[in-house]
Amino acid sequence: MLRFAPSPTGDMHTGNLRAAIFNYILAKQKNEKFLLRIEDTDTARNIEGKDKEIMFLLNLFGITWDNLVYQSDNFPRHRQLAEYLISKGDAFYCYCTKEFLEQKREEAKERREAFRYDDSWAELEKASNPKPVVRLRGSKEEIKFVDCIKGEIQFAPNEVDSFVILKEDGIPTYNFACAVDDMLYDVDFIVRGEDHVSNTPKQMLIHKDLNYNKEMKFAHLPILLNDEGKKMSKRDNASSVQWLLDSGFLPQAIVNYLILMGNKTPCEVFTLQDSLEWFDICKIAKAPAHFDMDKLKFLNREHFKRINEQDLAVLLGYKDASIGALAKIYLQEASTLNEIREKIDKIFANKTLLLNQIQESAQSEIQSNEILEFKAEIIDLQKVILGMLESQDWAKSEFNTFKESAMQISALKGKKFFKPLRFLLTGFVNGPELSDLFPILRLFLKDIVRS
């Protein structure tokens, strides 16, 4: 079984989603069950409703699961197994206070040594600390495993010292709950971020002490880097899945990019379903992958091209399929739903109000200044076009015919004609060729040029 095990303590980030996608693909390829496990053991940090948000986002990206588990439901089983480990001498009560351990860490730091827990400390503060934790004894042997991406990884005996498996309140730690639940639900392939590499030997030791011998496969995904080549963090907008969606990126484009980055794929543009045919976890590069926003924008445009015009119009908040066709023309210069929607909404904006808003805002942008430069001509040409619409139906006319009539009646030429005409038809003074846009714009001229 494959599993995705998010924590409901914050927003889903792109690294989480990437892990979920890969686990889902592998489950489908292997024809195995896919488990969604909500790891809610950190009761102090759990945020109400985050579990539902996680499920909503997974469904939005086409990821479905066969089983849903809340880790907290297994607390009794976790405690039972911890007691079993104590009974067989593989785990023990530790009465060390946090202050004592912090002092030992500082001493190790002063000696310029890595901090290691010493089992002889366990009962030093037994008289003064009534709430002990439970620790699993560290490994006396080397622990190693083969990672599908990174190859063989080894940990020396002194690298895995005795670690906490039950906290003072009886709640299991991440490593213990994770290892036990992987065992209980027969998970045999674990795909997660490389920040979990150091957790793997601890979880393997837990399995060994619980006499669980099933062979586990691992794949630890390299970290994602930002534009500066640093590990992506919450400060990077692109690290947030919700930010990407709010910015107008399509779920299918985001999935495409997260599978593509740091990977060898047979093509650049594909769907989640397509990837089931050829995805190979072993082809993921060992090196960290840079998050390239330009690449994501390119893929977003490509997926917009694949959407039929009616569906695209609905995404933009319109009902007419011709709006979807208009939007596809704007893919020449727009990459996201937000950018396209801005273009379409400006087309249908009241041009008189829009012109006044631009003047009142006193924006310093080149686009705004250029519009205001032709304000008088815009007003004159608007009256001309409104008059033309009253006297004739232009819904089937060619652009050149419409243009020449407007130019002749207005007596405007060059920039003083074309810049105002473009503004009246699109809300901008630059953009795609009007001759490309007009076959669709002509259907809505009265709504577009209205004063």
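The axes of helix α17 (residues 399-410) and helix α18 (residues 415-426) come within 11 Å of each other and cross at roughly 120°. This angle makes α17 oblique to α18. The structure is a predicted model.

**Helices α17 and α18**

- The crossing in which α17 passes α18 is right-handed.
- On the α17 side, the contact is made by Phe-399, Phe-402, Lys-403, Ala-406, Met-407 and Ser-410; on the α18 side, Phe-417, Phe-418 and Leu-421 take part.
- Sorted by class, the residues in the contact of α17 with α18 are seven nonpolar, one polar and one charged.

**Helices α12 and α13**

- Helix α12 (321-329) packs against α13 (residues 337-347) at an angle of about 120°, and their axes are 10 Å apart.
- At that angle, α12 is oblique to α13.
- Helix α12 passes α13 in a right-handed crossing.
- From α12, the residues Ile-323, Leu-326 and Ala-327 meet Ile-340, Ile-344 and Ile-347 of α13.
- The contact of α12 with α13 comprises six nonpolar residues, with no polar and no charged residues.

**The buried face of α19**

- Helix α19 spans residues 434-441, and its buried residues are Leu-434, Leu-437, Phe-438, Ile-440 and Leu-441.
- Viewed down the axis of α19, these buried residues fall within an arc of 165°, and they therefore line one face of the helix.
- An α-helix has 3.6 residues a turn, so residues three or four places apart point the same way.
- The elements that cover the buried residues of α19 include α12, α13, α17 and α18, that is, the members of both pairs described above.
- Helix α20 (445-448) is also among the elements covering the buried residues of α19.

**Asp-345 in α13**

- Asp-345 lies in helix α13, one of the helices that cover the buried residues of α19.
- Asp-345 counts as partly exposed because its relative accessibility is 34%, a value between the limits of 20% for buried and 50% for exposed.
- Asp-345 and Asp-274 are separated by 71 residues in sequence and by 34 Å in space, taken from C-alpha to C-alpha.

Notes:
Residues numbered from 1 in each chain as written. Predicted model: local features only at pLDDT ≥ 70, side-chain atom pairs only at ≥ 80, totals over all residues. Heavy atoms only, no water. Helix = DSSP H or I, 4+ residues; strand = E, 2+ residues; numbered from the N terminus. Buried < 20%, exposed > 50% of the residue type's maximum accessible area, 1.4 Å probe, protein only. Axes fitted to C-alpha atoms, helices over the stretch in contact; angles between N-to-C directions. Parallel < 35°, antiparallel > 145°, perpendicular 65-115°, else oblique. Left-handed = near helix turned anticlockwise from the far one by under 90°. Contact = heavy atoms within 4.5 Å. Nonpolar A, V, L, I, M, F, W, Y, C, P; charged D, E, K, R; others polar. Arc of directions from axis to C-beta.
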